[in-house]
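Subject: Structure handover

Dear colleague,

Here is the structure you will be working with. My notes on it follow below.

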Amino acid sequence: MSTVFEPVAPATVPVLGQTAVFPVHRIYCVGRNYAAHAKEMGGTGREAPFFFMKPGDAALVAPPGTTTALPYPPLTHDLHHEIELVVAIGVGGRNIAVADAHQHIFGYAVGLDMTRRDLQADLKKQGRPWCIAKGFDHSAPIGAITPAALVPNMGKAAICLQVNGTVRQSGRTDQMICNIAETIAQLSAAWALQPGDLIYTGTPEGVSAVVRGDVLHGSIEGLQDITLRVA
Ligand code: MN
């Protein structure tokens with residue numbers, strides 16, 4: 001089939017131990033999935049988590065052993081970091097049962113849900129959508145994906161973000177309100193999940209602003225670290 005122009009290629013993420021890369025389809029994000037973060041964002045910490053999306057090409061690959069440039073986006077003066085466990089979907093499906101969810105997981109990665117917090121706060125006040133606050137270019141840094149078979153228990157992993165060597169966020173994935181399997185089940189009730197989908201599963205407390213020159217180092221026990229410098 002001919003196309004009227006060359007389609008934009010999907011973002012691709014390296015996979016630990018393989019030369020083949022992971023082509024990104026959609027990026028789903030879970031909001032307020034850790035109670036302490038929900039509270040710091042003005043909630044009670046007891047509401048059900050909710051979902052939003054970023055474009056697939058917002059993925060910014062941060063390969064292991066490198067420092068990746070993270071462009072400071074326009075239209076904000078309050079760019080926040082949110083360290084998150086990313087679940088990479090390898091087998092699609094609708095209405096996936098919690099008990100079957102792990103069969104759909106290709107692997108896991110360290111990710112950042114970068115946020116224009118000032119715009120998000122304005123949009124919340126006005127009851128408007130968050131797209132411009134969450135779904136901007138390069139808003140979804142991600143490290144190399146580790147295949148699920150190599151990390152059997154991501155439900156109980158330490159998750160940490162340092163900025164310029166100082167710990168800003170530190171938690172454990174078992175603090176999630178909606179765990180990995182429950183998140184996949186809920187998402188697949190709303191959308192048909194596809195191979196290539198990424199799920200950013202929410203952030204622990206401690207989100208805060210970064211400025212140009214800051215170095216962000218994200219780590220999750222068992223996965224490949226990421227390092228980015230705000231440019
Ligand atoms: Mn987030």
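**The manganese site**

The manganese ion is coordinated by E82 (OE), E84 (OE) and D113 (OD), at 2.0 to 2.1 Å. Donors here are N, O and S atoms within 2.8 Å of the metal (3.2 Å for Na, K and Ca), and water is not among the atoms, so sites may look incomplete. Along the sequence the donor residues follow the spacing E-x1-E-x28-D.

Before the rest, two notes on the source. This is a predicted model, in which local features need pLDDT of at least 70 and side-chain atom pairs count only at pLDDT 80 or more, while totals for chains, interfaces and linings use all residues. Residues are numbered from 1 along each chain as its sequence is written, and side-chain values use heavy atoms, with hydrogens and water left out.

**Salt bridges**

The structure holds 5 salt bridges, each being a side-chain nitrogen of Lys or Arg within 4 Å of a carboxyl oxygen of Asp or Glu. One of them joins the side chains of R117 and E82 (2.8 Å, N to O). This pair links distant parts of the chain, since R117 is in helix α2 and E82 in the loop between β7 and β8, 35 residues apart. Helices (H or I, at least four residues) and strands (E, at least two) are DSSP runs, numbered from the N terminus. Both R117 and E82 are buried.

E82 also forms a salt bridge with K134, where the closest N and O atoms are 3.3 Å apart. K134 belongs to helix α3 and E82 to the loop between β7 and β8, so the pair ties together parts that are 52 residues apart in sequence. K134 is buried, as is E82.

Another salt bridge is between the side chains of R172 and D174 (3.9 Å, N to O). R172 is partly exposed at 34% relative accessibility, and D174 is partly exposed at 42%. Salt bridges that share partners join K54, E82, D113, R117 and K134 into one network.

In helix α2 (residues 117-126), R117, L119, Q120 and L123 are buried. They cover an arc of only 155° around the axis, which puts them on the same side of α2; the arc is that of the directions from the helix axis to the C-beta atoms. Among the elements that cover these buried residues are β7, β10 and α3 (131-134). Just after α2, G127 takes a positive phi of about 70°.

R116 lies in strand β10 (residues 115-116). R116 is buried yet has no salt bridge, and the nearest side chain of opposite charge, D118, is 6.6 Å away. Lys and Arg count as positive and Asp and Glu as negative, while His and the chain ends are not counted. Polar atoms of the R116 side chain lie 2.7 Å from the backbone oxygen of P74 and 2.8 Å from the backbone oxygen of I132.

H80 is found in strand β7 (residues 79-81) and is buried at 11% relative accessibility. The side chain of H80 makes a polar contact with the side chain of D78 (3.2 Å). A polar contact is a pair of N or O atoms within 3.5 Å; within protein, one must be able to donate a hydrogen and the other to accept it, and residues adjacent in sequence count only if both atoms are side-chain atoms. Leaving aside neighbours within four places in sequence, H80 is in contact (heavy atoms within 4.5 Å) with residues including D113, R117 and V207.

The buried residues of helix α4 (residues 180-190) are I180, A181, T183, I184, A185, L187 and S188. What covers them includes β3 (27-31), β4 (50-54), β8 (83-89), β9 (105-112) and β15 (198-200). At the start of α4, a side-chain oxygen of N179 reaches to within 3.2 Å of the backbone nitrogen of A181.

Most residues other than glycine have a negative phi. H138, in the loop between α3 and β11 (140-142), has a positive phi near 65°. N164, in the loop between β13 (158-163) and β14 (166-172), has a positive phi of about 50°.

Regards

Conventions
Buried means under 20% relative accessible area, exposed over 50%, partly exposed in between (1.4 Å probe, protein chains only).
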